[in-house]
Amino acid sequence: MGKAKVFSTHPLFEEARAILDADCEVEYWARPERPTSQEVFQRVKDKEGLICLLTDRVGDDLLRAAPKLRIVANVAVGYDNVDVASCTKRGVVATNTPGVLDETTADFAWALMMAISRRLVEGDAYARSGNWKGWNLDQFCGTDVWGKTLGIIGLGRIGRAFARRAAGFKMHVLYNSTKRAPEEIERELNAEYRDLNALLAESDFVSLHVPLNSETRGLLDAPKFFRMKPTAFVINTARGPVIDEAALVHALEAGKIAGAALDVFEQEPFIHPGLKRPNVVMAPHMGSASVETRSKMAAMAAHNVAALFRGQRPPNMLNPEALQSA
Ligand code: DGY
């Protein structure tokens with residue numbers, strides 16, 4: 001029996017390629033631009049494995065067009081781009097990359113929070129402009145982070161890693177989550193549970209750490225922004241559609257909140273023009289983008305694929321039941 005045929009929508013990194021190439025015959029997408037969905041359809045139709053990024057939509061139509069497919073390995077922890085129910089129905093294993101990006105993403109959420117509160121991006125632009133005439137008492141005064149109230153929505157792995165960092169800043173940590181965290185976690189993080197409205201009303205910084213699903217889509221909408229303090233900031237490193245972007249723009253314009261720091265957007269890579277304002281810091285979805293972490297994510301996806309074709313259980317299955325229905 002020959003090696004399993006796999007299509008990877010990205011060239012990946014050396015470690016991942018070494019893992020894959022031992023067991024699979026991989027066609028790597030090599031062009032700098034992302035493949036269109038037609039190009040993915042075309043390449044995957046005779047493949048048994050697909051390695052994809054969160055920009056690749058894997059729906060029932062693609063699965064139908066690739067009858068030999070046995071695994072879809074998403075190089076991301078979030079998998080809202082993959083129709084897992086259809087994968088299961090068709091006996092296709094779906095996997096993601098949990099755990100390896102928690103600390104890196106939490107670091108980045110902190111970077112965003114610090115940047116927006118201390119006006120770092122505005123200061124950087126001014127320092128480069130050549131217009132700086134010297135220190136002045138009221139120049140670029142921002143808002144303190146230390147000692148403030150931090151509201152975390154979603155206390156999963158990334159939310160917890162984010163919360164852990166608050167201790168050094170002597171912050172009062174509140175959280176909201178679909179399920180209340182065990183007491184020992186609340187104690188370890190020094191975090192108090194609040195219902196969503198109370199968290200929004202009390203927090204100086206609100207940071208989102210939830211997956212995108214039918215419950216979280218549009219979670220922060222116009223009525224929610226109304227509940228927030230006019231001095232509060234929103235940080236989003238989760239998924240863009242968790243925030244109703246038009247409502248956010250309106251809240252910023254109307255002064256309902258003080259600012260936002262966003263790594264993710266409702267319709268990436270499109271960015272609502274109303275967000276291009278000084279009290280918004282933006283990044284192009286780079287929360288997990290460290291060389292170390294992105295290499296680990298790719299290697300993890302490769303391990304999942306290689307395991308399946310070696311007759312083992314892929315370690316990060318989202319739908320283990322697919323193995324039974326296969
Ligand atoms: C993910 O993994 O879901 C991120 O958004 C990309 O790191």
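Reader: Which residues are buried in helix 7 (residues 157-164)?

Author: First, a heads-up: this is a predicted model, where local features need pLDDT of at least 70, side-chain atom pairs count only at pLDDT 80 or more, and totals for chains, interfaces and linings use all residues. Residues are numbered from 1 along each chain as its sequence is written, and side-chain values use heavy atoms, leaving out hydrogens and water. Buried means under 20% relative accessible area, exposed is over 50%, and partly exposed is in between (1.4 Å probe, protein chains only). In helix 7, the buried ones are Ile158, Gly159, Ala161, Phe162 and Ala163.

Reader: And what covers the buried residues of helix 7?

Author: Helices (H or I, at least four residues) and strands (E, at least two) are DSSP runs, numbered from the N terminus. The cover for helix 7 includes helix 5, helix 8 (183-189), strand 6 (149-153), strand 7 (172-176) and strand 9 (205-208).

Reader: Is Val280 buried or exposed?

Author: Val280 sits in strand 12 (residues 280-282). Setting aside neighbours within four places in sequence, Val280 is in contact (heavy atoms within 4.5 Å) with Ile116, Leu252, Ala260, Leu262 and Leu275. Because its relative accessibility is 9%, Val280 counts as buried.

Reader: How far apart in space are Val280 and Ala115?

Author: In sequence, these two are 165 residues apart. In space, C-alpha to C-alpha, Val280 and Ala115 are apart by 9.6 Å.

Reader: What is the volume of the largest cavity?

Author: A cavity is a set of points on a 1 Å grid over the protein atoms alone where a 1.4 Å probe fits but cannot get out; a pocket is an open set with protein on both sides within 12 Å along at least five of seven lines, and lining residues have an atom within 4 Å of a point. Grid points are joined across faces, edges and corners, and a volume is the space filled by probe spheres set on the points. By this rule there is 1 cavity of 30 Å³ or more. The space in the largest cavity is about 30 Å³.

Reader: Which element gives the largest share of the lining of the largest cavity?

Author: The lining is made up of Ala115, Ile116, Arg119, Leu120, Val121, Glu122, Pro278 and Val281. At least two lining residues each come from helix 5 (102-117) and helix 6 (120-129). The largest share, 3 residues, comes from helix 6.

Reader: How much area is buried between domain 1 and domain 2?

Author: The chain is split into domain 1 (4-99 + 291-325) and domain 2 (102-282), with bounds from an automatic or database domain assignment. Contact involves 7 residues of domain 1 and 5 residues of domain 2. Buried area is the accessible area (1.4 Å probe) that two parts lose on being put together, summed over both. Carbon and sulfur atoms give 44% of the area buried between these domains, which is about 550 Å².

Reader: Where does the second largest pocket lie?

Author: This pocket has a volume of about 260 Å³. Its lining has 14 residues, with Leu54, Asp80, Arg239, Glu266 and Glu268 nearest its centre. Both domains give residues to that lining, so the pocket lies between domain 1 and domain 2.
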